[in-house]
Amino acid sequence: MPIENTEQNLKNILQTIGEYEQKYQRAKDSVLLMAVSKKKPVAAIQEAYKAGQRIFGESYVQESIAKQQQLTDLKDLEWHFIGPIQSNKTKDIANHFNWVHSLDRLKIINRISKQRSSSLPAMNVLLQVNLDAEETKSGFISNELVGAANLISSLPNLVLRGIMAIPKAENDFNHQRIAFKRIHQLYLELQKQHESIDTLSIGMSNDMQAAIAEGSTMVRIGTAIFGSRS
Ligand SMILES: *Cc1c(COP(=O)(O)O)cnc(C)c1O
């Protein structure tokens with residue numbers, strides 16, 4: 001692969017998102033772009049920032065905090081944690097990110113609420129959904145969502161913004177859409193009960209189109225912006 005042109009890749013993705021918004025009758029600018037910078041150096045984040053990108057997603061706590069500490073001059077970066085959460089990392093997650101997309105256990109929800117400094121704004125949180133109850137995937141299964149959402153609403157320092165999902169890898173566009181449609185349905189049901197919900201985090205480099213067709217409000221794109229990860 002040639003040297004990545006992050007700026008051009010970002011432009012292309014934003015244009016494509018705009019085209020899909022039109023194609024699938026989504027409101028203009030209703031789909032936000034998260035740049036997934038895990039395993040990518042600070043220089044890649046700086047380049048994306050220069051091109052106007054502000055929302056960054058990271059999956060590894062220590063790696064991300066080290067990069068954040070080198071980027072403190074960029075005041076308006078928004079850090080989203082999207083990786084698996086170990087109990088012994090919740091305190092770092094609670095105090096170094098603006099959003100968490102990967103809440104997958106009640107215990108983790110309780111810990112992040114307790115450990116988030118009350119001098120910070122409330123943490124924006126999403127429940128991760130394990131759509132097909134896959135053994136190897138984290139996330140709440142669909143009938144656990146209501147209870148988890150109610151717990152978040154009852155706790156300090158958290159604001160429930162919606163759900164995140166990573167459906168089974170699937171290359172066929174129509175199959176991708178079927179899974180995303182089911183996730184969107186769960187999202188709409190939860191939204192009826194919690195008016196703070198406004199974020200459906202679905203869609204990656206390989207299934208962004210299907211996700212936007214089925215209601216995504218935030219796509220999480222790594223490879224298509226920064227190139228493949230080693
Ligand atoms: C790595 C990752 C992404 C980005 O995936 P790409 O295929 O590189 O776009 C999105 N979401 C999560 C949860 C990830 O871990």
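Q: Where is the place of Asn 157?
A: Asn 157 sits in the loop between α6 and β6 (158–165). Helices (H or I, at least four residues) and strands (E, at least two) are DSSP runs, numbered from the N terminus. This is a predicted model: local features need pLDDT of at least 70, side-chain atom pairs count only at pLDDT 80 or more, and totals for chains, interfaces and linings use all residues. Residues are numbered from 1 along each chain as its sequence is written, and side-chain values use heavy atoms, with hydrogens and water left out.

Q: Why does Asn 157 count as partly exposed?
A: Buried means under 20% relative accessible area, exposed over 50%, partly exposed in between (1.4 Å probe, protein chains only). Asn 157 has 23% relative accessibility, so it counts as partly exposed. Its phi is near 70°, a positive value in a residue other than glycine.

Q: What is the phi of Ala 133, and where does this residue lie?
A: Phi is positive, about 50°, although Ala 133 is not a glycine. Ala 133 lies in the loop between β5 (123–129) and α6 (145–154). Its relative accessible area is 46%, so Ala 133 is partly exposed.

Q: Why does Thr 72 count as exposed?
A: Its relative accessibility is 52%, therefore Thr 72 counts as exposed. Thr 72 is in the loop between α3 (61–69) and β3 (78–81).

Q: How many helices and strands does the protein chain have?
A: The chain has 9 helices and 8 strands.

Q: What makes the protein chain as compact as a globular protein of that length?
A: The radius of gyration is taken over C-alpha atoms; the globule rule is 2.2 Å times the number of residues to the power 0.38. For 230 residues the rule gives 17 Å, and the protein chain has a radius of gyration of 17 Å, close to it, so the chain is as compact as a globular protein of that length.

Q: Which residues touch the most other members of the largest nonpolar core?
A: A nonpolar core is a set of buried Ala, Val, Leu, Ile, Met, Phe, Trp, Tyr and Cys residues joined through side-chain atoms within 4.5 Å. The largest has 64 residues; Leu 103, Ile 109, Ile 112, Leu 127 and Ile 163 touch the most other members. Helix α7 (residues 173–193) gives the most to this core, with 6 residues. Apart from it lies another core, of 5 residues, among them Met 34 and Met 218.
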